[in-house]
Amino acid sequence: MQLSMHVPRRDDHDDNDARTPVQTETTPLIHVDPPAKTDPSMLHVALRSIPAVLLGSLLNILDGISYGMIIFPGTGVFADLGPMGVSMFFLSTTLAQLVYTFGGSSFAGANGSMMIEVVPFFHILANDIRAQIGEDHATQVIATTLAAYTLSSVLTGLTFFLLGALRLGTLIGFFPRHILVGCIGGVGAFLLRTGFTVSMRIDEDVDWGTLERVFLDSKNVVMWGVPLVLAIVLRGVTSRWNHQLIMPIYFLIIPLVFYIVVLSLGADLTHLREAGWIFDVGTKESEAWYKFYSHWAVSLDEDVDTDKELVAHGYSNLLSALFGTVPNYLVYVNTLLFYRVGGGTRIAGFLLGVATAALLVVGTAPIAYIPVMVVGALIFVLGIDLVKEALWDTRRRTTRTEYITIVGIVVVMTVWDFVTGVLCGIIASCFFFVVQNSQRRCIRSLHTGETAMSTVRRPSIQRAYLREVSKQTTILKLQGFLFFGTISHVEDTIRDIVDGAKWKHSPVSFLVLDLTHVAGVDMSSTEAFVRIHRFLMVKGVRIVFCGFEGDGAVGRALESVHVLGADDVVHFLTFCDALEWIENAYLRAWYLAQKSEVRSTVFAALPGRHDRGYDRVEPQALDMNMTPRRSYMRDVGNRTIANVRSLFTETEGQHPTEPLNTLIKAFSSHGDGDGDGDVDVELLKPMSKYLERVCLPENHVLWEQGDAPDGLYIIESGVLRASYKFAEHLQRVEESMVPGTVAGELSGLSGLPRNATVAVERRATLWRLSMGELERLEGEEPVLARCFLRLVLKGECGWVCVWIRGFRGSPRLFSCED
């Protein structure tokens with residue numbers, strides 16, 4: 001029987017009927033008992049539960065014989081304590097059964113049992129105590145061992161109780177599964193070794209002499225060979241016919257056949273007992289179940305604070321400690337069998353508890369007539385099952401490193417001890433975790449700024465300028481947990497960007513480190529960022545962090561090493577905010593080199609709130625002739641932004657008046673109505689009589705998302721901010737619109753509802769073309785109307801291309817919420 005501590009969730013079961021329904025993929029294996037439902041005939045339920053009680057009792061007998069007999073080591077002062085172990089098994093099982101039956105468990109027919117996985121650790125405790133006290137003080141050794149076993153129940157109960165009371169049960173899922181599987185395999189190997197020692201009644205210590213006795217002595221080969229063959233035959237039968245009753249019936253047949261052979265041969269039981277074929281419990285009289293209390297006198301008075309159902313295991317183990325016995329738990333496999341034969345009621349669970357208590361009271365006299373091969377075969381069967389589950393069933397379900405860890409745990413547990421095996425497994429798991437994660441790609445994407453632009457809607461001439469100068473921006477998106485195994489790759493990648501041939505052909509002004517998908521950083525990573533900051537500072541490259549909060553785990557780690565908060569390091573919450581700041585810096589670098597009257601008008605048009613640091617001007621950005629990078633920015637500006645100034649000088653030798661000035665800035669690079677060259681200024685002059693000047697204060701809401709359109713707006717000065725809400729489960733996307741851009745053009749021209757909420761971020765002056773004036777323009781100036789419509793659509797097409805280019809550059813590259 002394979003034991004499992006997994007219990008289905010309470011909400012997975014909603015039926016208390018003991019009869020097994022038609023099974024489907026969604027049918028729960030065990031049904032939870034509803035709180036307010038009673039059976040009109042308790043006697044009928046009790047009679048119907050008799051088969052389940054008999055099966056449960058048989059399973060408890062088999063477990064008690066196989067595990068109770070090996071609770072203590074089988075040699076030295078513990079040689080005759082097998083019956084005592086059986087009594088402790090039944091006592092612990094009875095207490096657990098009563099706790100679960102009287103409301104401790106959600107399952108009406110829950111089956112409790114002693115916790116068998118602790119047997120190897122019990123042997124370690126017992127042998128250490130015997131070594132410390134000495135074989136000559138048998139009474140003290142046994143009393144101290146019983147006290148240690150009881151203390152394990154106290155600790156187990158408190159652990160279960162705290163996990164349930166504090167609702168920390170999910171923490172168990174964080175323990176590596178393959179380590180648990182390795183421990184299961186170690187328990188299986190322990191049971192196989194115990195099967196040999198129980199079958200031959202020899203010492204557990206393994207040396208060359210022991211191996212000779214086991215494999216070269218014909219009598220011993222027969223003693224362990226018979227139960228091993230019986231176990232293998234049972235596994236062969238159950239592999240072909242899978243039924244729950246095969247195993248109990250099989251082990252009932254073995255002693256029956258054994259005694260038929262004994263009677264037919266006329267063999268003497270005393271001789272068989274001396275030869276090791278049946279157990280010698282040291283006395284022919286029944287040993288009282290409470291005899292182990294005579295070895296020590298300890299009283300544990302635990303004040304248990306009652307809580308919810310999750311603390312049932314805490315109650316049962318603390319109760320076991322109070323009675324001086326071993327830990328216990330709910331056995332899922334036994335419970336499942338119990339349900340399937342009609343034991344899904346509280347009455348059935350109570351009757352099983354009474355039957356187990358009766359087995360306890362009967363005592364250990366029947367053990368003297370149990371063939372050793374029965375217990376040996378049981379232990380071999382369980383050991384084979386657990387080893388098979390750990391080593392064979394997982395060979396294709398685990399990675400190579402996980403499987404190596406499992407095998408290592410089993411080997412270490414078998415050769416040395418269980419504690420060493422668990423520690424080695426944890427160390428190996430940590431080592432392989434570091435190796436595997438260091439090989440994973442921590443750099444999500446690496447690209448230049450020309451493949452991604454912010455959500456600021458800028459004039460076409462500024463977009464053209466930014467598209468070229470953004471080649472000096474490198475964007476590095478990181479992911480996962482940055483630790484000493486992965487940060488070296490990040491550091492080497494950044495060094496490769498600023499060193500060697502790449503730097504000569506593509507120098508970098510800004511390095512954006514997007515940590516949106518970074519779960520955390522360790523101390524080695526923060527120190528690496530210090531080194532990165534130092535060599536970038538020498539190169540004159542500014543670091544722009546984004547994607548995390550300053551008071552979060554990542555922010556605090558970077559601030560602790562004085563990287564975050566340094567004068568030449570900038571931090572923003574989102575990726576779009578970082579791009580917006582960099583674009584403003586590029587624009588400042590150009591306009592600061594121009595005449596003072598140009599500076600004042602442009603700086604007022606740069607978007608971004610003051611508390612984000614958008615208005616900080618970098619000293620190295622003031623001189624366009626300082627480095628080749630600044631010279632490149634100056635040349636690009638001369639080819640793009642300076643073209644607008646040449647248009648102004650060609651307009652009758654003077655700066656055009658409004659709204660013609662705003663129209664030229666908005667459509668200067670879109671060409672005339674035929675699509676080539678600069679905009680036809682003369683053609684746009686008649687537009688003035690159709691536009692209305694509108695001055696709006698800061699925070700004024702121009703329209704809400706879903707409103708009917710009232711026209712389109714051309715921005716002369718100030719900044720507008722649009723907020724898009726595409727779905728309830730998505731965050732809002734914000735877009736800034738600066739002078740020289742058009743707002744509300746698509747809904748204004750199509751007549752569809754507004755797709756965003758637009759408000760004034762900075763006091764703005766707008767030119768509105770209302771719906772009525774648009775109709776009048778189409779009627780009075782059809783040529784001008786077509787030309788204006790083409791210019792608007794070209795501008796919108798250019799803006800959409802910015803978004804599309806961002807997505808083409810890298811999957812999900814431009815998403816502001818990425």
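## Charges over aromatic rings

In this predicted model, R395 is positioned over the face of W392, 3.7 Å from the ring centre. The charged end of K477 likewise sits over the ring of F575, at 4.0 Å from its centre. A charge is assigned to a ring if NZ of Lys or CZ of Arg is within 6 Å of the ring centre and within 35 degrees of the ring normal.

Residues are numbered from 1 along each chain as its sequence is written. Local features of this predicted model need pLDDT of at least 70 and side-chain atom pairs pLDDT 80 or more, while totals for chains, interfaces and linings use all residues; side-chain values use heavy atoms, leaving out hydrogens and water.

## Aromatic pairs

The structure holds 19 aromatic pairs (Phe, Tyr and Trp rings, the six-membered one for Trp, with centres within 6.5 Å; stacked under 30 degrees between planes, edge-to-face over 60, otherwise tilted). The F196 and F380 rings form an edge-to-face pair, because their planes stand at 85 degrees, with centres 5.3 Å apart. F196 belongs to helix 6 (residues 177–200) and F380 to helix 14 (residues 372–392), so the pair ties together parts 184 residues apart in sequence. Helices are DSSP runs of H or I with at least four residues, numbered from the N terminus.

F196 is partly exposed at 22% relative accessibility, whereas F380 is buried at 1% (buried is under 20% relative accessible area, exposed over 50%, partly exposed in between; 1.4 Å probe, protein chains only). The rings of F572 and W581 are tilted, since their planes meet at 45 degrees, with centres 5.9 Å apart. Both F572, at 3%, and W581, at 1%, are buried.

Methods. Helix = DSSP H or I, 4+ residues; strand = E, 2+ residues; numbered from the N terminus.
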